[in-house]
Amino acid sequence: MLSIPVSLERRVRRAALPCGTALSLVLGLASCAVGPDFKSPEAPKTDRYTVEPLKPDTSAANIHGGETQRFVAELDIPGQWWSLYRSDALSALITKAIANSPTLDAAKAALREAHENAAAARGAFFPTLTGQVSATREKITGAEFGAPQSGTSIFSVGTGQLNVSYPLDVFGGIRRQAEAAEANEDYERYELAAAYITLTSNVVTAAVQEASLRAQIAATQQIVDIEADELKVLRQQLSLGGVAGGAVLAQEATLAQARTTLPPLQKQLDQTRNQLAALAGQLPSEDIGATFDLAQLTLPQDLPVTLPSKLVEQRPDIRAADAQLHQASAQVGVALANEFPQINITGSLGNVGSPAGNFLSPGVGIWSVGGSVAQTIFDGAALLHKERAAVAAFDQSAAQYKSTVIGAFQDVANAIRALQADADTLAAATAAEVAANKSLALSKEQYQVGAITYTTLLNAEQLAQQAAVTRAQAQASRYADTAALFQALGGGWWNAGEGVFETKKPEVSPASGTADTASQ
């Protein structure tokens, strides 16, 4: 499926062969870079994410959030895709999260570090120039030279010197080091993009979870109120002798059971609010202000489905894995270059004299020029094993890249399947809730005239409660899995503002349209 070089060791040997003639070209400063020249793996040869062709749209339900969603090929993703939910509160919270997230701050700092390290690695392309100044005060006597009667002499000596050192990168080891550092910078940049996508997606998902829990709590509370009213009626009937005491006790137990479902839902709601505060870079004790309800969220109807061949460009985790593979490839070249002679040119220029007099006089100048060649003769095959270790690291990165690509395609396929199933589930859940409510209303009427037993009424109440909770959960799933699809497709980071990525924004070739314009 993936065009990943697995016979790297043979490629390494072939790449190293031309440099075997480099020793004869040293005087001409000719050079080449040993090791493989990296090329990104090809995109998978497939045109879809699922076994069968994708249906163009989902089913619909006659309820808010039950609208038909359409899958649109080659539709671009806006940088602020969460605006498609048409919630100012959600957009404001995500803006706050982007500004205050310590996770993003850490990723930005890691990118700055990698950027500076890459710049430092490129500095090795240039000569190193150092300056040195020294001064000494000396006293000598004639006795030092076998003439004790000649007296003493006190004088000062100053030395000023410039030293230059330049390693000849004949075999490309320095260039491969710089290449590896630049690949690491790319990796950190895509890691920042991934952190950005994860943060924004988590905020959307948590907001939808809060809205879902509020809907479930409201549905459960409604059933609790209904059952509390039923208990009042039964108690009145008991006082009039219309029902047995067992019916009242059963209703009391049912009401208590229904009330026990509220605290766990409230706990989940409180924990979700704490999660939203943390995502926004706040402490749990600091209120985020906005609350979320399903009625306030609009379900995006036009959903992008990126071509599989383009997903490798849009997913930052794939791009990061590609950068790691590039870095591992460059490290193979570094390991190979270390097996060849290391050639260095040095020189110095300076003056020696009395600081008070002739320190800068041309007659006291000093200079030197030299060169050195160092070649490891015996090291217990350490360099050879380091080369093999670098090749193994490349193979590991290649396998990790393939795993990342497979996982990315799985994420998209899972999101598409989930959206299709969510639509069907919500349609069924809505129909079930309508039927359960009608059954409950009829059961109340029948119970009041004595046509059914209390047990039958109790079953109808429990079915209505469960149907309401199930509908709320199915309704929220459509919003959450829509966010999962946007995240699986890359989250539109290539359309985000420049300030998110600090040094330079990664590039992705644009699609034919954007989801925000298509859904308006």
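Below is a tour from the whole chain down to single residues.

**Before you start**

This is a predicted model, in which local features need pLDDT of at least 70 and side-chain atom pairs count only at pLDDT 80 or more, while totals for chains, interfaces and linings use all residues. Residues are numbered from 1 along each chain as its sequence is written, and side-chain values use heavy atoms, with hydrogens and water left out.

**Stop 1: the whole protein**

Show the cartoon: the protein has 11 helices and 8 strands. Here helices (H or I, at least four residues) and strands (E, at least two) are DSSP runs, numbered from the N terminus. Of the 520 residues, 43% count as buried. Buried means under 20% relative accessible area, exposed over 50%, and partly exposed in between (1.4 Å probe, protein chains only). Among contacts between residues at least 6 apart in sequence, 82% join residues at least 24 apart; a contact means heavy atoms within 4.5 Å.

**Stop 2: helix H4 and its partners**

Colour the contact of H4 with H8 by residue class and you will find 13 nonpolar, 8 polar and 5 charged residues. In this scheme Ala, Val, Leu, Ile, Met, Phe, Trp, Tyr, Cys and Pro count as nonpolar, Asp, Glu, Lys and Arg as charged, and the others, Gly among them, as polar.

H4 passes H6 in a left-handed crossing, and their contact has 12 nonpolar, 9 polar and 3 charged residues.

Now bring in H2, residues 88-100. The axes of H2 and H4 come within 10 Å and cross at roughly 145°, and this crossing is right-handed. Show side chains for Leu90, Leu93, Ile94, Ala97 and Ile98 in H2, which meet Tyr196, Leu199, Thr200, Val203, Val204 and Ala207 in H4. By class, the contact of H2 with H4 has 10 nonpolar residues, 1 polar and no charged.

**Stop 3: a residue inside H4**

Stay on H4 and pick glutamine 216. Is glutamine 216 buried or exposed? Glutamine 216 is buried, with a relative accessible area of 7%. Apart from neighbours within four places in sequence, its contacts are Leu265, Val469, Ala472 and Gln473.

**Stop 4: aromatic rings**

A search of the whole structure finds 7 aromatic pairs. Rings of Phe, Tyr and Trp (its six-membered ring) pair if their centres lie within 6.5 Å; planes under 30 degrees apart count as stacked, over 60 as edge-to-face and the rest as tilted. Select tyrosine 190 and tryptophan 493: their ring centres are 6.1 Å apart and their planes at 70°, so the pair is edge-to-face. For another aromatic group, select Trp81, Trp82 and Phe486, which form one cluster.

**Stop 5: positive phi in the loops**

Finish with two backbone angles. Glutamate 74 has a positive phi of about 60° although it is not a glycine. Find glutamate 74 in the loop between strand S1 (70-73) and strand S2 (75-76), where this residue is partly exposed at 41% relative accessibility. Alanine 381, not a glycine either, has a positive phi of about 65°. Look for alanine 381 in the loop between strand S7 (365-374) and H9; this residue is partly exposed, with a relative accessible area of 31%.

Conventions. Left-handed = near helix turned anticlockwise from the far one by under 90°. Axes fitted to C-alpha atoms, helices over the stretch in contact; angles between N-to-C directions.
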